[in-house]
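Here are some exercises to work through with the structure open beside you. Try each task before reading its solution.

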Amino acid sequence: MPELPLFPTQASTMAGKVDALYFFLVSVSAFFVVLVAALIIFFAIRYRRRAHGEVGAKVIPSLALELTWTIIPLGLGLVMFFWGANVYFVESRPPAETLDIYVVGKQWMWRFQHLDGQREINELHVPVGRAVRLTGTSEDVIHSFFVPAFRMKADIIPGRYTTLWFNATKTGRYHLFCAEYCGTRHSGMIGTIVVMEPSEYQAWLAGGGGEGSLVSQGQKLFQDLACITCHRADGEGRGPILDGVYGSKVDLVDGRIVVADDAYIRESVLSPSAKVVAGFQPIMPTFQGLVSEEQLLSLIEYVKSLKGRELNTTKK
Amino acid sequence: MDTDTLALPRTHYLNAEFGLASWLLTTDHKRIGLLFLGSISMFFVLGGIFAGMIRLELLTPPGDLVSDDTYNKLFTMHGIVMIFMFLIPSIPSVMGNFFVPIMIGARDLAFPRLNLLSWYIFMIGGCFTLYAIVTGGVDTGWTFYTPFSTMASTSNVMAAAVGIFIMGFSSILTGLNFIVTIHTMRAPGMTWFRMPLFLWAMYATSLINVLGTPVLAITIVSVALERAFHLGIFDPAYGGDPLLFQHLFWFYSHPAVYIMILPSMGIVSELIAAFSRKNIFGYTFVAFSSLAIAVFGFLVWGHHMFVAGMSVYGAMIFSVLSFLVAVPSAVKVFNWTATLYKGSVSYQTPMLYALGFIGLFTIGGLTGLFLASLGIDVHVTDTYFVVAHFHYIMVGGALMGYLGGLHYWWPKMTGRMYPDLWGRVAAVVTFLGFNLTFFPQFILGYLGMPRRYHAYPPEFQALNVLSTAGASVMGIGYLMPAIYLFWSLKYGPIAGPNPWGAKGLEWTTPSPPPTFNFDETPVVTEPAYAYDTVEKKLA
Ligand code: HEM
Ligand SMILES: [Cu+2]
């Protein structure tokens, strides 16, 4: 007979928080199950029918009792709600300082892209004790990134960027599952998260196999796709300057103001006419079908890197 | 029971007319109820066979019994058949059709022909879905999530979707018919607050059917259009939004859970009262909690999407609302339990199913709180924790109530009793088998086993073996009623009009009832469950 595990390993800073709430709910549930079962069994024996034509006694329901057993579950429910929401807040807000990694889901594999250029498939190496932020999208259908040992999960959706984060607390190898049904080999879409000591991680990174950093890949693509002919750094191009654009507010021709985040840059590449920057013509061609999701990620990373560069133009 | 003095009534709805046409063209709500009983029982067997194959496949980690495609089709068709072709129609279409008119003292439903039509619509829709199954199956999961269902799936999505679309109209018609009937056809003296709680539950369910099902229809039409013409509703490649589908789908499908469970709660209220010979503790609370559940059930669909990229504040609102709808359910459990207090409690078969219902529904409901808690949901959603939770509610709750009702009203429907000892054994076996099947899945889910997996890492095996073992026990539990109920049709002792000594208009007419239910319209003079007025010499 195979062994019988009853509890998952805790390997991230989230795990303890989720488990504490879980144990609270388990205790409350166990209390009510035992209470109801005990009452039913006790009544069952105490008030069993003894004579054939017997009827039950008339019991006048007490309003106080009804209110009590309405208000107590309500109160307990609200405690669970606030506690759960609190944990969810932590889960959905990455800390300020993170190690960023990109992930693309595709039937049926996980592809990872480190900033330094390493790519991995179905295996992700990360250092222990450091907050890691993943930005993910899908090339086809919805997938879901699930690492039970980290108590972490988020859907990876085509056309959107999902961010999720974790801080691993224990070195080791952990399951990565796809948790959203995605077709034939859904159950084969599994991978491993390898958590390493920081020094080992550095060694692993240096061991490379990369094709230059993500930024440099993006830069090369920027030239190859001829983006550079319009988005000239000197401000003389037919498109807006991209330096410093990432994270800033952008005025559009239709008067809206949007924040230039990952999703905005992705959209600008794939359907440029959706959000045209004020002062420019909608002449940019679409790159839909020309760039893969991974190439998009490197372009985003490149645009991000243009942030701190010295601007030598007057036009803002 | 002095059975020897009893005989079946000379004419009743079953022998009033003979021949196939007298069934296929009948407008008698009781016969239509039996038509539904026959159809959905066959669908239940079909869904059960799929379930058995799923469980067998999961006995071992590598997934060696069927191919991955076959497995995906199995759980999809299991889900579609069980939900749309069994659970949603089950209690309303069988017990509702049969008993709503009788329990309010009416001769039939308000629109008898519409009622027959709803059976035909159901069967036509069912045929489409069966066609999808025999011509290769569907592999989208019963939830049809886009863009998988609109672009990636290679299977028979269209036929299955058309089938579900058509079957939806059957629910709408049945719902309308019940609402009108309950409003307009109550016997003299049957005020709203003298109505048995089953009728309150049917009323609330009908509201959901009428308001919610059209949304499902719209959703399915959109999926079909998207698949055929790539309109860009859901598929981001054409500018659509994949999450729009989920919002539309769950806007119907969350309330649909209440379509399955509310009728069952109604039946359980009947059973607890009848077998404790007592008024339900807090009748009005129970009646209004049905309505409250029906109304608030429309406001919590978002709790299926906490990890699907919803804003943090949106998620908080859906979470808190989910906790609020849980309260009326908790109230019902306490009320049922308190009804036993100072009752005269007997443990015949229907009562055992009812008590089993309370146990399983309590566990199912409490684990719903885990899913409503945002922090925990992130970890357990889309795992076996969810599979266990919805089986506790839908199988442990809805199905136990259905079986309890079937055993309770069987003598009324057929005029004959079944062997009560076998009934009790079946109820206990089902209860034990059920827990052995689905309790390990909570643990599996918290350990992290995702749902819809055809192969899994070896450390999950022990719990899967337990679960499969439980499934075979449960299978036996379902097989037994099939055998002794059939047996009873011919050999069962004559039941007489009121074998349980229960209150309610349905027990005042012969078993089986005559075609028009009552020889003369009954007049109601007391509340439902007025057992305190019963003479001790009863039965
Ligand atoms: C009234 C009876 C039942 C109903 C209504 C029901 C309903 C469902 C539904 C809706 C699903 C989800 C399918 C999906 O995720 O796409 C499901 C999955 C499943 N059911 Fe049932 N079920 C019933 C009985 C059973 C029984 C008797 C068993 C086992 C003996 C069983 C085993 C399973 C399993 C293992 C899955 C998981 C498939 C997956 O990986 O998604 N079910 N069931
Ligand atoms: Cu996937």
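**Exercise 1.** Find which side chain of chain B has an N or O atom 2.7 Å from an oxygen atom of ligand 1.

*Solution.* In this predicted model, the side chain to pick is that of B:Arg451. Next, look for the elements around the ligand: α2 (29-57), α3 (68-103), α13 (384-414) and α15 (461-491) of chain B each give two or more residues to the shell. Of the elements in the shell, α3(B) gives the most, with 7 residues. Now turn to a nitrogen atom of ligand 1: an N or O atom in the side chain of B:His78 is 2.7 Å away. Finally, B:Tyr384 places a polar side-chain atom 3.1 Å from an oxygen atom of ligand 1.

**Exercise 2.** Work out how many residues surround ligand 1, and how they divide into nonpolar, polar and charged.

*Solution.* Start with the count: 24 residues surround the ligand, and B:His391 and B:Ala471 are among the closest. Then sort them: 17 are nonpolar, 4 polar and 3 charged.

**Exercise 3.** Describe how chain B meets chain A.

*Solution.* First, count residues: 98 of chain B are in contact with 84 of chain A. Second, take the area: about 7800 Å² is buried between the chains, with 69% given by carbon and sulfur atoms. Third, look for charges that pair up: there is 1 salt bridge between the chains, in which the side chains of A:Arg160 and B:Asp241 meet at 3.4 Å, N to O.

Methods:
Residues are numbered from 1 along each chain as its sequence is written. Chains are lettered from A and ligands numbered from 1 in the order in which they are written. This is a predicted model: local features need pLDDT of at least 70, side-chain atom pairs count only at pLDDT 80 or more; totals for chains, interfaces and linings use all residues. Side-chain values use heavy atoms; hydrogens and water are left out. A residue is near a molecule or strand if one of its heavy atoms lies within 4 Å of it. A polar contact is a pair of N or O atoms within 3.5 Å; within protein, one must be able to donate a hydrogen and the other to accept it, and residues adjacent in sequence count only if both atoms are side-chain atoms. Helices (H or I, at least four residues) and strands (E, at least two) are DSSP runs, numbered from the N terminus. Ala, Val, Leu, Ile, Met, Phe, Trp, Tyr, Cys and Pro count as nonpolar, Asp, Glu, Lys and Arg as charged, and the others, Gly among them, as polar. Contact means heavy atoms within 4.5 Å. Buried area is the accessible area (1.4 Å probe) that two parts lose on being put together, summed over both. A salt bridge is a side-chain nitrogen of Lys or Arg within 4 Å of a carboxyl oxygen of Asp or Glu.
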